[in-house]
Amino acid sequence: MGDPAEEPARIRLDKWLYFARFFKTRALAAKVVTAGQVRVNATRVSKSSRSVGPGDVLTFPQARKVRVVRIRAAGERRGPAPEAQTLYEDLSPEPRRDGTEPRREAGGRPTKKARRNMLPKSGPPLE
């Protein structure tokens with residue numbers, strides 16, 4: 001076959017997610033994978049031992065958004081953040097800015113006077 005030196009490096013999925021600093025611990029990365037929340041090249045994966053390499057596209061939830069990344073390199077260690085950012089290319093869609101996201105109303109909690117004004121006026125019904 002081919003020379004092993006010419007083949008692209010492969011690494012466990014949970015290890016790569018940990019090396020690329022998407023998750024704080026490898027156990028947390030493995031938990032997300034085994035829960036079936038990660039897709040590799042649009043195929044759902046439930047085993048953290050799945051090997052991935054350069055060119056693979058991963059889709060997974062992180063915090064309150066969905067991340068889509070293309071793997072550039074396998075990585076050899078969990079290094080500092082600038083080193084981790086060289087392991088992938090971010091393909092995540094930009095957050096929507098057209099006002100469709102839920103927003104909190106300005107002003108916070110209404111005052112007592114404002115709450116009284118919101119209540120219907122008591123008194124005899126109008127006929």
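These legends describe close-up views of a predicted model.

Local features need pLDDT of at least 70 and side-chain atom pairs count only at pLDDT 80 or more, while totals for chains, interfaces and linings use all residues. Residues are numbered from 1 along each chain as its sequence is written, and side-chain values use heavy atoms, with hydrogens and water left out.

**View 1. The buried side of helix α2.** Helix α2 spans residues 26-34, and its buried residues are A29, A30, V32 and V33. They cover an arc of only 160° around the axis, which puts them on the same side of α2. The arc is taken from the directions that run from the helix axis to the C-beta atoms. Buried means under 20% relative accessible area, exposed means over 50%, and partly exposed lies in between (1.4 Å probe, protein chains only). Helices (H or I, at least four residues) and strands (E, at least two) are DSSP runs, numbered from the N terminus.

**View 2. Around helix α2.** The cover over the buried residues of α2 includes α1 (13-19), β2 (38-40) and β3 (43-45). Contact here means heavy atoms within 4.5 Å. A27 and K31 are exposed, on the face of α2 turned away from its buried side. Just after α2 comes G36, with a positive phi of about 80°.

**View 3. Aromatic pairs.** Rings of Phe, Tyr and Trp (its six-membered ring) pair if their centres lie within 6.5 Å; planes under 30 degrees apart count as stacked, over 60 as edge-to-face and the rest as tilted. The count by this rule is 6 aromatic pairs. In one of them, W16 and F22, the ring centres are 6.0 Å apart and the planes meet at 35°, so the pair is tilted. The rings of Y18 and F19 have centres 6.2 Å apart and planes at 45°, so this pair is tilted. W16 has 0% relative accessibility and so counts as buried. F22, at 6%, counts as buried. F19 is buried at 9%, whereas Y18 is partly exposed at 24%. Ring pairs join W16, F22, F23, F60 and Y88 into a cluster.

**View 4. S48 and its surroundings.** S48 sits in the loop between β3 and β4 (51-52). Its relative accessibility is 11%, so S48 counts as buried. The side chains of S48 and R12 make a polar contact (3.4 Å). Such a contact is a pair of N or O atoms within 3.5 Å; within protein, one must be able to donate a hydrogen and the other to accept it, and residues adjacent in sequence count only if both atoms are side-chain atoms. Leaving aside neighbours within four places in sequence, S48 is in contact with R12, L13, D14, A30 and V33. A30 and V33 are among the buried residues of α2.
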